[in-house]
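Dear colleague,

I am handing over the structure below, and my notes on what was found in it follow. Please read them with the model open beside you.

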Number of protein chains: 2
Amino acid sequence: MNTAVKLSHNDHVPDCRDCPIRHRAVCARCEAEELERLEEIKYYRTYPAGQTVVWAGDRMDFVASVVSGIATLSQTMEDGRTQMVGLLLPSDFIGRPGRDDAAYDVTATTDLIICCFRKRPFESLMEKTPHIGQRLLEMTLDELDAAREWMLLLGRKTAREKIASLIAIIARRDASLNLKGKDKSMVFDLPLTREAMADYLGLTLETVSRQITALRKDGVIQLEGKRHVTIPDFERLLGETGDDSDGGYLV
Amino acid sequence: MNTAVKLSHNDHVPDCRDCPIRHRAVCARCEAEELERLEEIKYYRTYPAGQTVVWAGDRMDFVASVVSGIATLSQTMEDGRTQMVGLLLPSDFIGRPGRDDAAYDVTATTDLIICCFRKRPFESLMEKTPHIGQRLLEMTLDELDAAREWMLLLGRKTAREKIASLIAIIARRDASLNLKGKDKSMVFDLPLTREAMADYLGLTLETVSRQITALRKDGVIQLEGKRHVTIPDFERLLGETGDDSDGGYLV
DNA sequence: TTCATGATTTGACCTCGATCAAGGTCGGAG
DNA sequence: CTCCGACCTTGATCGAGGTCAAATCATGAA
């Protein structure tokens, strides 16, 4: 979708700028050493929009970090019902140290670049470098909070509230990624198809479409084309989510 | 509930047997030192069934581990809709290092004993003792997997599948706590009210009641009283969950 | 340009689970 | 023992969202 923005935003650090392990301050010397070790075990991969990165159950001999683009984690039942269980934006982590098989399908929903680390070396690096584990723990706890917020959405919200919540989540993350001013009217592209939104929200794509139309007719959002959204009044949108005011979505 | 098994399993360490930090092999000397440090910052608390341990938003100056009984994490919307987001059995961890306010309501659904650690000392102990963080990472990753399985349930399963899944989860956890033989007919008490099950599953208590009745009439489960369940054929029950055969529930 | 393909919208209809409303069961207090 | 309140079951009805079907819109290949 709009990876151009991200690239220009970060282009002073061409390599591996989004590795989770880089997010904690360490002394310059340690940092240099650490980066050097990481250099040895890392490589990049790219996927076009729509391509599957790994299938659930496949052996996965790497962990990775999203550099640009968007990926999803999802589960599918035997009869084809599928539920998205993770939405991965730049800097998010893919994979689980200590497990060799992928638990979920990982799919690129936009063109995607990820930075991979071979798993065994990464694991031994984790043992030698406690703060990597600490950072990973923080990220995992954040993901767990996001998953629990998501559970409330899936279990108890109406279709309209679900759509409003998803748009608010995307708007917020987009805003934070692009470092825009806070309360300006927000403008962005939906990075997901109606079907992907349905899989996120536990709805059908028809219901998603209808509710988006309803929000548009009610003036909560504006649409140009199918994907380009303007939010004239973010507070108004939040009022549609069912959440108490400032709620801390972390997805 | 039934901590007896765990006791005998670890009975050379009479205190604090369920601390998450005890689950990784360390040398005897380190273990002794570590236990000593833990002793200094730990204390026990008990709650009767139904009592709230902490409210979402309250300051929480401890982390804890469930010793016996069952606790739940749940979120409530302004209008009263509530969704359970965590089910904590013995040895599960409560609280989040690095955060001072509780994110969810924590409630004892049975009589409950927890082992608490004052938060600041625990956090500094974590820094000195990497394997505590490692263990916590593992546990958090397991919880995240469980949350994602739960999301599939909430988003895509029918009421009957939800009930069957919950009963299977409880049966499996109960069996593993009691170290029973695998394919014996399973017998246990439901540790949750119909309302708590509804909050777990994103249903109303009436629907829970109706579906339990239906499963009973179809011979998938047997009921004595309201809570005492016998599962004559576990495979049959699994067939009702919608999951592909051996699925790895971790809740 | 035209065609094909995939994404989206819209309509008609129906079903599953929510809602509202009684009753039933059981254990503990008096 | 009886009464009370918490918990559970069952029935009747309704509506949000699912299902099926068809039309519309884009976009890129030929």
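**The contact between the chains**

The contact draws on 46 residues of chain B and 46 residues of chain A, where contact means heavy atoms within 4.5 Å. Please bear in mind that this is a predicted model, in which local features need pLDDT of at least 70 and side-chain atom pairs count only at pLDDT 80 or more, while totals for chains, interfaces and linings use all residues. Residues are numbered from 1 along each chain as its sequence is written, chains are lettered from A and ligands numbered from 1 in the order in which they are written, and side-chain values use heavy atoms, with hydrogens and water left out.

The size of an interface is often given as the accessible area lost when the parts come together. Between them, chain B and chain A bury about 4000 Å², of which 55% is on carbon and sulfur atoms; buried area here is the accessible area (1.4 Å probe) lost by two parts on being put together, summed over both. Of the area that chain B buries against chain A, 20% comes from Arg148(B), Met151(B) and Arg156(B), more than from any other three residues.

On the chain A side, Arg156(A) belongs to helix H4 (residues 130-156) of chain A, helices being DSSP runs (H or I) of at least four residues and strands (E) of at least two, numbered from the N terminus. Arg156(A) is buried, at a relative accessible area of 15%, where buried means under 20%, exposed over 50% and partly exposed in between (1.4 Å probe, protein chains only). A polar atom of its side chain lies 3.0 Å from the backbone oxygen of Leu203(B). Not counting residues up to four places away in sequence, the residues that Arg156(A) touches include Glu161(A), Met77(B), Arg81(B) and Asp199(B).

**Within chain B**

Thr230(B) sits in strand E11 (residues 228-231) of chain B and is buried, with a relative accessible area of 15%. Leaving aside neighbours within four places in sequence, Thr230(B) contacts Met186(B), Val187(B), Ile221(B) and Gln222(B). Of these, Ile221(B) is found in the loop between helix H7 (205-217) and strand E10 (222-224) of chain B, and Ile221(B) is likewise buried, with a relative accessible area of 2%. Beyond its neighbours within four places, Ile221(B) is in contact with residues including Ile167(B), Ile212(B) and Leu237(B). Ile167(B) is 54 residues from Ile221(B) along the chain, and their C-alpha atoms are separated by 9.2 Å.

Definitions and conventions:
A polar contact is a pair of N or O atoms within 3.5 Å; within protein, one must be able to donate a hydrogen and the other to accept it, and residues adjacent in sequence count only if both atoms are side-chain atoms.
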